[in-house]
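Here is a short report on one structure. Keep the sequence and the 3D view at hand while reading.

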Amino acid sequence: MVNSEVQNRAPNGSPILQLESISKRYGGVQALDDVSLSVYPGEILCLVGENGAGKSTLASIAAGLVTPDSGKIYVDSKQVTLNSPKDAEIAGIRLASQELQICPELDVTTNVLLGHYPTKKIPFLIDYKSMKKKAEERLATLGLTDIDLDQTVDKLPVVYRAFVQIARSLTPGAKVLITDEPTSPMSDVEAGRLLELLKTICAQGVGIIFVSHRLDEVLNIADRVLVLRDGKLVDEMSKSQGTKERIITSMLGRTSTDSIKSSAVSSHDAHIALHVRELSTADGISDINLELKYGEILGVYGIAGSGRDSLGMTLFGSNKPTAGSIEINGNPIRLGNIRAAMENGVGYVPAERRTQGLLPERSIRENISLAFLRQLSKIGLVQHNLEAESAENWVKNLSIKTENVENAILSLSGGNQQKVILSRWLLTGCRILILDDPTRGVDIGSKLEIYELLQKLAHQEKVAVLVISSDIEEVLKISDRVEVMRGGRITLSKVGPSQQEVAHAAYLEDAS
Amino acid sequence: MNRLKRKNKTSNDVEKKGFDYGNLLRSQGLLLMLVLMVIFFRIQDPKYFFTFDNFITILVGATALGIMASAQTPLIISGGIDVSVGSVVALTTVVVGKLLASGMASWLVVVLSILIGTSIGVLNGFIVVQLGVNPFITTLGTMSFFSGLAFILSAGQTVAIRAKLFDWFLYTKPFHIPVLVIILVVVMGLALFIERKTVVGRNIFAIGGNREAARLSGISTKMLPLGLYVVSSFSASVAGVVLVCQLGSASPQLGTSYLLSVVTAVILGGTSLAGGRGSIAGTAIAVGILATLSNGFAHLQLPSYGQTTALGAALIIAVLVDQTSLKIKQKA
């Protein structure tokens, strides 16, 4: 049976891919409950929802990675079973996943054609000449003419890696392209380029399923938006019907709390926590001057390559600067030394949660206590009860969704994992907290909770909070003051700048 | 792909208390293997195999391997590896033989030869941690270098060794338990204690699980790994002295049998070569399996190379069981 309501709205012709009444259970959790969707040729269908809402499961089912418990799948109105990615590929469904399945040490040509190399007359002998030509053609049809084919992929910026990944998945016969959060590691500009690429692809008649956390980009490119909540399809809207408020309301099941507004703090008389003078590093930041006061949130905005990550790492002592000084509470500290920074009350939540933050094999408890274990021990022996209590306390304080601190860290959603990393530093009692992209890959609900937490920390507990971010709205929403970086320098420093001012300083010439 | 699956799990899925049940399952699988082996040998050799004396014989035979595996386990958990232990054993026994021949007091000989053996660990640690060379390649290199050196020093000769101190180690048996076995139990107990109870133990897991996260949490990711290489070589030189006691001879060929058996025991015990996961308990059982296997083969008068074949099969089966149980755990 075909969902008639959806078909009535068909933009053109019949759907390429239909999922009908799909349900999937994982243990005690109903990941998907009777969800149906259709994708039409040349349209971009966006899936949104909080973490754990079921979007990734749905995308995985469409890509043949996960087999549903019940429900039917049709490709070109013919029922199919997708037991493996291979089945999906034969059916014309392509996945460009979150993980960017590429071989970083191999060159662009090889990655674009991975596994489908042209051979010479003698089988098994790769025809390198036509290989390069084929890769070039493939990229050219996507309008990507500025990629060096001989470059190894690990030397490419993240957005180009995504381009390569997408070019690779679009082998001949592709009808549907599924992309699962491709833009989450990208800056706004990079994400913009990726969206342009997706538009090019859908103009060629391919249907696209686009999963994203970023509502701006969803509203920018979606022809239709589907909202999932707790495994159920709760809302569907066309481009003209879609508004941010409606999406957020559907996602959360309640009205959006836009109440978070930075309460202007009179920080004139506040003590200076961190004083940075003429800081420069080998990896590109130069002549940075900064003041961070207790009781304020200072937002640092910059696009990828602006030096924003390097600033955070350097302030925390992970990078050694080539010039300049950092003073904490008026005293200069040893540069390039994490221990020295920690002993002076600095905490640091890194940008890459998975590679820089989590201990993937360990429990929630061990992930929380990591930076404070020495203080939770006596003569080198961990005091297990004290450790467990501390962890439980923070799980409760930040309402991390788990029954037991002994559960594996990977059993948590991205948002809750991030709250665990936050707990790690709150447990140390740090008075200066540096956060690099604290809500990257975090669902909206947790995002709001993290914002509230940061504001409470700064305004009530008088912690000095430095938020580095690639999300312009985030910076404007939570910061008391904003610094904008571009090309390793600070290009704007202002209380309450407008979005235009920030964008101008981040992308164009100096605004000052 | 993994991420997609993981993301859909919620906290209700994983019911865990205390520590790692997956680990327990693995070591139980191993324990089962050990029990089955004991039953098999008991049936084959009803008279002598299942006796207290033979139990002690097995433990004495396991001493050198057990001491080295206790040090290798945390090293592998931290993401390192030391394949040079065999050459340290060989060099230590040769040094003991040379120094004794020069008329030095036997206790001083023991101390000096252990110091010399341990210094190889300082070299390994320095090359891996400070110079950033891959640990497998580094220790493969030092293994080759020092086993060659052991041959040069000894001119390839095996020499008999007699010293009262060594006899004391071998023949003193408080409560019918040889000193060597007591040393083994103490060393393994200490390793277990450090793994389970101390900050150092936890930091070892953290470094092996995610080095960058550990570093960004203020954990020294250089001193601790360096220390683990030193401890590994220290354990190997102690094992060298233990072997001199047991065999009454020193030979540059002694270490060759330990070339891979130490790493094999650790992996068989469920420690992940990728780091971040493993246990001393698992290693202890694996050492028991290896020692029982060699003892049982001797009793049945089977050729010793059959033992290597059985060990190889056991290793692969154990790793398969390990991976399957992990998959089950992740799907649950």
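Chain B holds 14 helices and two strands. The model is predicted. Chain B has 332 residues, and 49% of them count as buried. Take the contacts in chain B between residues at least 6 apart in sequence: 80% of these join residues at least 24 apart.

Next, the nonpolar core. In soluble globular proteins, nonpolar side chains tend to be buried together. Here the largest nonpolar core has 235 residues. The members that touch the most other members are Ala62(A), Ile208(A), Ile209(A), Ile432(A), Val465(A), Leu65(B) and Met68(B). Helix α11 of chain B, residues 223-247, supplies the largest share of this core, with 14 residues.

What does Val465(A) contact, leaving aside its neighbours within four places in sequence? Its partners are Ile297(A), Leu433(A), Leu454(A), Leu457(A) and Ala458(A).

Now the sheet in chain A. Four strands form an open sheet in the order β12-β11-β14-β15, with antiparallel pairing. Why is one side of β12 and of β15 in chain A left without a neighbour in the sheet? Both strands stand at the edges and each has a single partner strand, so one side of each has no neighbour there.

Strands β11 and β14 of chain A pair in the antiparallel sense over five bridges. Within this part of the sheet, Leu274(A) stands opposite Ile328(A) in β14(A).

| Strand (chain A) | Residues |
|---|---|
| β12 | 288-293 |
| β11 | 272-280 |
| β14 | 323-328 |
| β15 | 331-332 |

Key
Residues are numbered from 1 along each chain as its sequence is written. Chains are lettered from A and ligands numbered from 1 in the order in which they are written. This is a predicted model: local features need pLDDT of at least 70, side-chain atom pairs count only at pLDDT 80 or more; totals for chains, interfaces and linings use all residues. A nonpolar core is a set of buried Ala, Val, Leu, Ile, Met, Phe, Trp, Tyr and Cys residues joined through C-beta atoms within 7 Å. A residue is buried if 20 or more other C-beta atoms lie within 10 Å of its own, exposed if 12 or fewer, and partly exposed in between; C-beta atoms are placed from the backbone. Two residues are in contact if their C-beta atoms, placed from the backbone, lie within 7 Å. Two strands pair if DSSP finds at least two bridges between them.
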